[in-house]
Amino acid sequence: MMDMNCLKIALSALCLASAVVATAAESKDQRCYEMRIYYAAPGKTDAMHARFRDHTVKLFARHGMENLGYWTPLEEKDGPTNMLVYVLAYPDREAREKSWKAFSADPDWQAAYKNSEKDGRLVEKAEQRFLTATDYSPSIKPSVAGPRVFEMRTYTASKGNLERLNARFRDHTVALFQKHGIANVAYWTPSTGEPGAEDTLLYFISHASREAAGESFKRFGADPAWQAARKNSEEAAGGSLTAPGGVKSVFMKATDYSPTR
């Protein structure tokens, strides 16, 4: 039979473990993230950016939306020059809906929208994704550390292997990126119910330049710690953790009005 001292020690350990779990749960980033991708109408790219710079970004903030960053493709080979990628954060999905409703009804926005589109619409196409931060993502907040370029990477996990992919990033990849000069910016998966929620990891990293990125990934790929982590994770999964063609990369630069640059 366990004596009283042992019982006290066991109960103390159990309470401590429970506190650690509770603290981790409380500290997990529960915010709702929204990535929006806009494609300007022909000849309207500069006007679209001007509206964001002079009006939209400030009005988003006025209505409780956190502006995290605004990016465009680094070069034409990275994407169309009329493309704008930006990310907003909200306390939760309900707050998001309230913020957008208030923003849309704001007389200042309505005037800016009307004046900017008197000669035609500025945005030809818009896409959106709702995202949830992973538990291993660094703190997601605006930051300035230039000069640098950003890389948006999207991974599609092979069938049933998203959790294994996340575990490899959590336990190995993120730290090894940092070791080799790759700055971790943010890691997300699509929110529950969103397309790709079962198999997609989307993350942002940054580099001093495109050339620096190439050198960093070369060192990363040759690192014995990465090679062992990859081998062990793929042996456990019975194959690659990503689907064929499931790794996509877009190099981007921050706009002059982006809080993160």
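A residue counts as buried when its relative accessible area is under 20%, as exposed when over 50%, and as partly exposed in between, using a 1.4 Å probe and protein chains only. By that rule, 45% of the 261 residues of the protein chain are buried. What you see is a predicted model, where local features need pLDDT of at least 70, side-chain atom pairs count only at pLDDT 80 or more, and totals for chains, interfaces and linings use all residues. Residues are numbered from 1 along each chain as its sequence is written, and side-chain values use heavy atoms, with hydrogens and water left out.

The protein chain has seven helices and eight strands, taken as DSSP runs numbered from the N terminus, with helices being H or I of at least four residues and strands E of at least two.

Now to helix H7, residues 224–237.

Which residues of H7 are buried? They are Trp226, Ala229 and Ser233. These cover an arc of only 65° around the axis, so they sit on the same side of H7; the arc is taken from the directions from the helix axis to the C-beta atoms. The buried residues pack against helix H5 (162–179) and helix H6 (210–222), a contact being heavy atoms within 4.5 Å. On the face turned away from the buried side are the exposed residues Pro224, Lys231 and Glu235.

Last, what follows H7? Gly238 does, with a positive phi near 80°.
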